[in-house]
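Student: I've got a model open and would like to talk through its side-chain contacts with you. Shall we start with the charged pairs?

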Amino acid sequence: MSKSAFDKAKTLYFLYFLVIHVVKAHRHVRARGLVSTGKEFYTWLAQRVIMLLLRLPSAQAKVKAQMDQAKLDIENKLVPKGEAVSLEWILEEMEKMDHELEHSTDYHAGKLSGAVYHGGDDMEKVVVAAYARYCVSNPIHPDVFPATHRDWARAVKGINEPEMIIPESAHAAFDKGAAYFGIKLHLMPVDRYTRRVDIKRVKRAINANTIVLVGSSVNFPDGNQDDIVALGALAAAHNIGLHVDCCLGSFIVPYLEKAGLAEGSNGKYKLIPFDFRVNGVTAISCDTHKYGFAPKGTSVIMYRDASLREHQYYVYPDWMGGVYGSPSLSGSRPGALIAGAWAAMQYMGSNGYLESCRSIVTCARHIADSIAASIPELYLLGDPPASVVAFASKHPKVNIHEVGDKMSARGWHLNALNGTPGVHIACTRLTVPVADTFIADLKDAVNEAKLSPSGKGTMVALYGLGNSSAVGPSMVRQLATAFLDALYKA
């Protein structure tokens, strides 16, 4: 090749490289907006500057000593030491561990937000019986959705650099899935008052590489819905997927209509259509282990048609060990979990879930109405139609995470929220009889947080660290990693 031809080839390659990255940058700025892109760049720059400063010997030694001590404290709390022991010792130790942590919560008392979705003592016996019968069986259960839309997009549309658009209130599992499967993620803002994703921003973010939109019904942070009908219209118009996350809504949201609660009351709590009756919805996920009262680790994903589901499967016909077929990432799965889920659903029946929905949602709305009417320092986040009630502070002297810590001291185990600082309670059947106790304790906690804040509780410390600086999230990530490491050692 002559020098002139080589120079032309280099020029063409440079121009190709430049055009590709200009297009990517344009799509990124169009999706995120100039302000958000500027904030992202500022945060990135601030992180780099602070990390450089932390490399100074004096700062590095101080930070390392503090982080090492925090990691050691976590490990000492979680990791047991000792040799093989008897069954009796194991049972005694489990009883001790249930109560040894500070502010440990007995879920039977109804003071736990979500986490334990208790179907009653009889249901517990049914699930345990099914689990015991099938504890060594090994069927496989599907539960993957981000890769399904990615593989569909590759096979049908030829997309090799897939992108996914989700509300900032969507579950962290979508971030996790995007990281695992190499999908670029666009987080769209939610309206400050309705808590629904900004449809105009979603529309602007769609491009030729978009494979799926996501909407929640309901979301985990504040229990609100996205406008699934509007998202469905966008998905249908652009021939892309729309996944509805109904994991938390599970066996509550689908029964609101039958329970006579879908229209809400006094102009509040109205349900937006969310299922396959909505044009554009291609997949829905539902956790059976929440309000379905099945054992933890069971969930369901539903597709509009079987052709999309096929992209979830993996089949290797030429393996030396024989034909290998798997419907999801997991190979071996505990059949006892599936047996427990089947038994729970058979035992409850549709009428049982209907009554469960009615009592839980009525309880949640009673709590929401009581907060709005009788605790002026707080306000509700959005207009939650189902079982989750989230609240934040509108009083300058009330730190909502301080309120959360005060509630912990009273035996409640609530969830702290980031972004818009807040706290939520996910109501269960166990919450129903203690709803008025919750309101009374919340009033006392608000007054105490206003008059005598300590600034030392777990919520205040953890979320204060996370928002303390540009590297705050990095510090929290290190502590979370230490916690996960300790679990493996335990």
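This is a predicted model: local features need pLDDT of at least 70, side-chain atom pairs count only at pLDDT 80 or more; totals for chains, interfaces and linings use all residues.

Student: Which residues do salt bridges that share partners join into one network with R410 and E448?

Tutor: R410 is partly exposed at 24% relative accessibility, and E448 is partly exposed at 28%. Salt bridges with shared partners bring in two further names beside R410 and E448, and these are E402 and K406.

Student: How far apart in sequence are the parts that E161 and K24 tie together?

Tutor: Their side chains form a salt bridge at 3.4 Å, N to O. E161 is partly exposed at 43% relative accessibility, and K24 is partly exposed at 36%. E161 sits in the loop between α6 (146–157) and β1 (163–167) while K24 belongs to helix α1 (residues 3–32), so the parts tied together are apart in sequence by 137 residues.

Student: And E355 with R358: how many residues apart are they in helix α11?

Tutor: Here the closest N and O atoms of the salt bridge are 2.5 Å apart. Both residues lie in helix α11, and their spacing is about one turn of the helix, or three residues.

Student: On to the rings. What kind of aromatic pair do W412 and F438 form?

Tutor: The structure holds six aromatic pairs. For W412 and F438 the centres are 5.1 Å apart and the planes make 80 degrees. Planes over 60 degrees apart get their own class, so this pair counts as edge-to-face.

Student: Is F438 buried or exposed?

Tutor: F438 is in helix α13 (residues 435–451), and its partner W412 is in the loop between α12 (400–409) and β11 (415–417). W412 has 1% relative accessibility and counts as buried. F438 has a relative accessible area of 0%, and the cut-off is under 20%, so F438 is buried.

Student: What does I371 touch, leaving aside neighbours within four places in sequence?

Tutor: With its close sequence neighbours left aside, its contacts are L378, L380, V389, F391, I439 and L442.

Student: Why do the buried residues of α7 end up on the same side?

Tutor: In helix α7 (residues 172–181) the buried residues are F174, G177, A178 and F181. On the other side, A172, A179 and Y180 are exposed.

Student: Last one: which backbone oxygen does the side chain of T37 reach?

Tutor: T37 lies in helix α2 (residues 34–54). Not counting residues up to four places away in sequence, T37 touches H28, V29 and R32. At 2.7 Å, its side chain reaches the backbone oxygen of G33.

How values were computed:
Residues are numbered from 1 along each chain as its sequence is written. Side-chain values use heavy atoms; hydrogens and water are left out. Rings of Phe, Tyr and Trp (its six-membered ring) pair if their centres lie within 6.5 Å; planes under 30 degrees apart count as stacked, over 60 as edge-to-face and the rest as tilted. Helices (H or I, at least four residues) and strands (E, at least two) are DSSP runs, numbered from the N terminus. Buried means under 20% relative accessible area, exposed over 50%, partly exposed in between (1.4 Å probe, protein chains only). Contact means heavy atoms within 4.5 Å. A polar contact is a pair of N or O atoms within 3.5 Å; within protein, one must be able to donate a hydrogen and the other to accept it, and residues adjacent in sequence count only if both atoms are side-chain atoms. A salt bridge is a side-chain nitrogen of Lys or Arg within 4 Å of a carboxyl oxygen of Asp or Glu.
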